[in-house]
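Hi,

Here is the structure I promised to pass on. Have a look at it first, and then read my notes below.

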Amino acid sequence: MAYTHAIRIAIVGAGAGGSSAAYYLTKAARQNGDIIDIDVFEKRYQAGGRSRTVTPYNDSSYSPIELGASIFVGANKNMVKAVREFDYNLADTDIGSFGIYDGDSFVFESSEWTYWNYVKLLWRYGYTAPRTVQIHVKQAMEKFLQLYDAKFLRNHGPWEHPKDLVADLGLDGLVEESGLTHFHNSRFASEVVDAATRVNYGQNIDSIHALGALVSMAGNDGMAVDGGNWRVFQRFLEHSNATVYFGCEVGDIRRTSSGLWQLYLGDGAHVERLYDYVIFATPLPLFRIPYVDLYVTLVATNASTYARDALRGLPSHPPSMILTTDALARHTGKTSQLELNSVNYVQQARKGSKDDDVDVDDEWIVKIFSESPSAWGDQDLHVLFGGSQNVGWTHRHVFKAYPYLQPENASSLPPFEVDDGVFYINAMEPVLSTMESETVAARNVIGLLGAKLGYGKGWKDACTTDDDDWIWIDC
Ligand SMILES: Cc1cc2nc3c(=O)[nH]c(=O)nc-3n(C[C@H](O)[C@H](O)[C@H](O)COP(=O)(O)OP(=O)(O)OC[C@H]3O[C@@H](n4cnc5c(N)ncnc54)[C@H](O)[C@@H]3O)c2cc1C
């Protein structure tokens, strides 16, 4: 297509997907000597979307706490590269001790000694089941890492549909069966992997697809950005040439008679400019993908651990992180009584400047994930921490957190291009919903868009380093 004006592209949403799309698109245009106009519309007043922080007591002398997406891992190469490039420090993400609670008792408790943990694992679950999970996690991760390999991208990408992406990665079988089926109903999967899927995706092992289960188990080198992961997404925008409109909710788009796209805001007013392309970087209700309602409660407490009678079967030295499994309900056929996905002493409260903060004596930050709207009111918190005098500050938020990662044929999912010139980054989410996978989906969408813009340098040609190396695609 011959254009008579600088190409105009609207991006809706400035979370991981939208901000990285602006960044990758700016790079692609630069490398191809093109001048484009990018406008980002974000309904909130900050970048980051589901990656956001809050400050205890709303007091800015406290260090911020992650409310949403808190962890990425070493295999998340776009995130890791961005953190390095933007020169951010990493925050402490040590999870301390953990236990797995089934609503009646603790089925597993970690110990300080790795060796003893190993013995306990062997004792309860045997050798084969944990080892099988470990091997499958490694294999799935290796397949996922092909997405950063030049040769693989040249041969396969960019993808028009998530089903083709997972098929080319060799991960399609994993989105079609449940985690529990994949692991042959093993006790380890039913208890330990279940605990991981419940904290990571608010879903039980028998209802989440196997890829979601494996990703939930892949986080043993967790990282977070000091001051909040959202800072990466803010910086993506700053390093793009996009004009960002905060506080602007897009309500609708319509194609005009000239073939360009008109954006309408939440209040019905239209945006003056018309756009050649629109990229949606937020879940669209149109596709009716159900999302998990996750109730997140943050608490500042002066209790250094949970009250003794807070949970039946709580050990005398409770773990700092309590994960939960629905294995008991599954085995007895009874309705689950669990009102908790996880509760975690995240860190000691901290005060001071970003790079120079110190622990606040006798004050800890605890994070609770639950799918139960009625749970974790003030009374419940008083019981959990041994009295109202021990609860200093609370903050509650309900997220449409991530899609239910249901086992299904990926061809039923929405495509990356939903109409001519309208792209959809969150088409990726029912396959995998993480900050990293949204940057991967954004890069893919920019690959599709680059092809339309006739970019010679881009998805396939920008990758000039040794084919056998892991490389960064700077398109
Ligand atoms: C509690 C919680 C914990 C999580 N933990 C992790 C984790 O540890 N690690 C991890 O990698 N992932 C985690 N996730 C998942 C991760 O947050 C998401 O997969 C990812 O952030 C999605 O990014 P996104 O940009 O696609 O969408 P979003 O982050 O939802 O961004 C969409 C943006 O679009 C804006 N928007 C929406 N509608 C409109 C509109 N009409 N007009 C304009 N703007 C609009 C929104 O305000 C938002 O800023 C977690 C999620 C939650 C909720």
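**What surrounds the ligand**

Four elements, α1 (16-31), β2 (36-42), β16 (391-403) and α14 (435-452), each give at least two residues to the shell around the ligand. Of these, β16 supplies the largest share, with three residues. Keep in mind that this is a predicted model.

In total, 34 residues surround the ligand, and the closest are E42, R50, I71, V250 and E438. What is the shell made of, by class? There are 16 nonpolar residues, 11 polar ones and seven charged ones.

Now for some individual contacts. V250 has a backbone N or O atom 2.8 Å from a nitrogen atom of the ligand. With N426 the side chain is involved: one of its N or O atoms is 2.8 Å from a ligand oxygen atom. At T434 we are back to a backbone N or O atom, which lies 3.3 Å from an oxygen atom of the ligand. How much of the ligand's accessible area does the protein cover? The answer is 92% of the 1,000 Å² that the ligand has on its own.

**A sheet to look at**

There is also an open sheet of three strands, paired antiparallel in the order β8-β9-β10. Its edge strands, β8 (250-255) and β10 (270-275), each pair on one side only. Neighbouring strands in this sheet are turned by 25° against each other on average, ignoring direction. Strand β9 (residues 261-265) pairs with β10 over three bridges, in the antiparallel sense.

Cheers

Key
Residues numbered from 1 in each chain as written. Predicted model: local features only at pLDDT ≥ 70, side-chain atom pairs only at ≥ 80, totals over all residues. Heavy atoms only, no water. Pairing = 2+ DSSP bridges. Axes fitted to C-alpha atoms, helices over the stretch in contact; angles between N-to-C directions. Near = heavy atom within 4 Å. Polar contact = N/O pair within 3.5 Å; in protein donor to acceptor, adjacent residues only side chain to side chain. Areas by Shrake-Rupley, 256 points an atom, 1.4 Å probe, with all protein chains shown as cover. Nonpolar A, V, L, I, M, F, W, Y, C, P; charged D, E, K, R; others polar.
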